[in-house]
Amino acid sequence: MPLLEIKDLHARVEDKTILEGINLTIEAGEIHAIMGPNGSGKSTLSYVLSGREGYEVTGGEVLYQGVDLLQMAPEIRAREGVFLAFQYPVEIPGVATTTFLKAALNAVRKHRGEAELDAMQFVKLARAKATSLNIGDDMLKRAINTGFSGGEKKRAEVLQMALLEPRLAILDETDSGLDIDALKVVAGGVNALRSADRSMLIITHYQRLLDFIIPDHVHVLAGGRIVKSGGKELALELEEKGYGEFLGEAA
Amino acid sequence: MAKKKNTSEPFVEQFAELALARKDHEPAWLLALRQDALDVFQATGLPDRKTEAWKYTNLNKLSKAGFAPAQPLREIDSLPISILPVEGYRIVFLNGYFQPALSLLQSLPEGVIIESLGAAITREPDLLESQMSHRSPSRDMPLSALNSAFSEDGLYLRIAPGIKLEQPIHIVSIGQADEEPIAFHMRSYFEIGAGASVDILESHVGRDGDTYFSNSVSEISIEKDARLGHYRLQDESNRAFNIGLANLDLAQGTFYNGFGLQVGSTLARNEIRARIGGEGIECCINGAYLASGTQHIDNTTFVDHAEAGSTSRQTFKGVLDDQAKGVFQGKVLVEPNAQKTDGHQLSRTLLLSRSAEMDCKPELEIYADDVKCSHGATVGELEEEAIFYLRTRGIDPVDARDMLIEAFIADVTAEISHQTIREAFDRVVHQWLIDGQEVLT
C-alpha cells in the first residue's frame, strides 16, 4: 500500500478553483518534488493536505496509509504522522518554543501509545536532536519563531520535524528567503531525516533546493494539474527552459 | 431626580438605624464625617448611566439586590482554599470585619504597623481624625461617600521611613452571605514612609453563589523615594458585586508597581486614581481580566500628572467569552506645569465570542507642551493562523487556544515585580482556562 495516494483532487479557495484534478502516489521512503510557476496551486496542495480551513475540496480523494486523510482534523493528521514545514512559519509571541514543542511531542506520543516526556526528558531530547542536525538549540528558549531570521525559522521547522518524526513531511517552499549557507544547513537537516519509512513531498519554485535534497521523482504542477513527471533530471531541464511551455499549456 | 432618591433610600434608612447604635461608641468627629458623607450620597444616589464616569457600567442590578449592612459573623476557623499561598504577613477580614485569629501579624518588625482601622482610631484618634477628614466626600464619587457613611472597619498600614520589608503583606477580604444579600465597605489607609519598600497582595474572595456587595476604598500615600508593589486579585463569588477604589498619592522619586487581576464577580469595577505629585516618579498601573457568562468587568484609571518629570505606564489586557462585558476607561491628565511627562497607556482585549462586548474609553488631556504621551486600544480575536500552526503540530485546538490566551495575559503579568505573586497570578489565569474547558466538555 502506498503511503499517500492523491486521486483526481479538486479544491478551491472561496470561489476560485485552484486544484483541477491532481493525481499523485507516494510510496514509503520516496522523495517527490513538485515544481511549478507561481499561482500553479503548490501551496494550496500543501494546505489541503494539512487541513487548513478555507480550502474546500470539491472532488477526488486523498488516502494516507489507506485511510481518508481529508476527514481528519489537522491535529489528527499531525499525530498520524503528517508534517507541514511552512513556507512562512507563524510567529507566536509569548509562547516559549520549548513549551509548545513539548506539548506537540506529547500529543503525538500519546496518540501513538507512547509515554509522555517530562520537561527534563524533553529538553534533553530536543537538545540532542538540535545538535545532531547541527542547528543549535538557542531557539528553544525563545518564543515560537518570534524575531527569528528567515534561516532560523526554517531551521526551527526542521527541528520540529526531527522531534515529531513524521511519516510524511511536506516542505512548502522551504528554500524561500534563504541564502546559500542557510539553505545548505536546512537541506543537511532534511537529508539527515531521510529514511526508508519516511516520505517527503518537496514543494519548490526553484531547482536549487534539489541540488541539495535529491528527489526520486519530480512533477510539474501548472494550472492546478500535474502536467509532467520524471526523474531528478526533470528539475535541471526546468531550470534551463523555465516554465514557459507549461504556462501555455495551462492557459 | 425622583429616581435618584429611590436608589439612595434604602441606604438612608439603614444609616439611620446604624447611627443610633454608633452614637455610644464612635467619636463625634467620625459621626459627623459619616453624616456629611451620607448627605452627599443621598443627593446623588447610585450613579446611573447619565453619569459620565459610569456610562458603561450599569448599577441597576446592584440597586435592586437589596443589600443589608453586614453584621459581624462568628469567626471562621480556616481560610478558603482558593487563597493564594504566599508566605509573609497576613491580615484577614470577613465581610469587612477584622479576623485576628486568621491573621499573621505576630512577627512584624519595628516601624511596621498593620492593624484594623478600628484599632488605629482607638490608639491614635487625633491622627486618624486628620487622615480620615483629609478628603471630603464628593458628589463625583458617590460610592466613595457611601463607603465613608457605612464603613465598619478596614486596614491601617504604616511603614516607617527606610524600612524595606522582605516578606509581602497579604490582605485578605472574604465575602460570605449565608442568607440575605449583604454589603460591606472596607476603608483602608496605607502609608509608605520615605525610602521604604514593601509588596502588598490584596485578595478579594468569596464562595460562588453568595450575593454580597464589597465597596472598598483605599487611601494610599507613598512618600519620597519609597516603593510599593501593590497586587490585587478580585476572585469574588460569581454573584458578588465588587467595587474597589484606590486613591494614590505619589511623592517625588517613588515607584508604584500596581497590578489588578480580575476574574470573579457578576459585576466589578477596579478604579485607581493616582496623583503624581513630584518628579522622578514611576507609576505603573497594570491589569488583566478574564470573564465569561454574563460577567461585567470594569477597569477605570485616572492618572493626574500634577508635577513635572515623571512617568506613568498603564497596560490592561482582557479576555472576554460568552456574553461577558469589559470596560476600560483610562484618563491621563497632564497639568500645565507637568513638563517632561512621559505617559503611556494601552488596552488590549481578546474577544472569544461574538456576543462578548468591550467598551473602551482612553483619554489624554494635556496642558503642558513638552511631554511624551501615547495611548492605544485594540480589540481582536485569536489569530486563526496561529491556532492552525499549533494544530499542525498535533496540539488540540482547545489547548492551542489556551496556550495563546495564557501568552497574551502573561505578557502583562510579567510586569509584576514580585516573583511569587506573579507566578500565583499566572496560575489563577491557568485555572480560569481549565475551568472553562470543564464547562465545554
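Which domains does the domain assignment give for chain B? Chain B is divided into domain 1 (2-382) and domain 2 (383-441), with bounds that come from an automatic or database domain assignment. This is a predicted model, in which local features need pLDDT of at least 70, side-chain atom pairs count only at pLDDT 80 or more, and totals for chains, interfaces and linings use all residues. Residues are numbered from 1 along each chain as its sequence is written, while chains are lettered from A and ligands numbered from 1 in the order in which they are written.

**Domains of chain B**

- Taken over C-alpha atoms, the centres of domain 1 and domain 2 of chain B are 27 Å apart.
- Their contact involves 24 residues from domain 1 of chain B and 22 residues from domain 2 of chain B; two residues are in contact if their C-beta atoms, placed from the backbone, lie within 7 Å.
- On the side of domain 1 of chain B that touches domain 2 of chain B, at least two residues each come from strand 9 (197-206), strand 11, strand 13 (255-262), strand 15 (282-291) and strand 17 (311-320) of chain B.
- Helices (H or I, at least four residues) and strands (E, at least two) are DSSP runs, numbered from the N terminus.
- That side of domain 1 of chain B has 15 nonpolar, 5 polar and 4 charged residues; Ala, Val, Leu, Ile, Met, Phe, Trp, Tyr, Cys and Pro count as nonpolar, Asp, Glu, Lys and Arg as charged, and the others, Gly among them, as polar.

**Contact between chains A and B**

- Chain A contributes 21 residues and chain B 19 residues.
- Helix 3 (97-111) of chain A is one of the elements that supply at least two residues of the side of chain A that touches chain B, and helix 3 of chain A gives the most, with 5 residues.
- By class, this side of chain A has 14 nonpolar, 3 polar and 4 charged residues.

- Most residues other than glycine have a negative phi.
- A:E165, in the loop between helix 5 and strand 9 (168-172) of chain A, has a positive phi of about 45 degrees.
- A:E165 is partly exposed, with 18 C-beta neighbours inside 10 Å; a residue is buried if 20 or more other C-beta atoms, placed from the backbone, lie within 10 Å of its own, exposed if 12 or fewer, and partly exposed in between.
- B:N95 has a positive phi near 50 degrees and sits in the loop between strand 2 (89-94) and strand 3 (97-98) of chain B.
- B:N95 is buried, with 24 other C-beta atoms within 10 Å.
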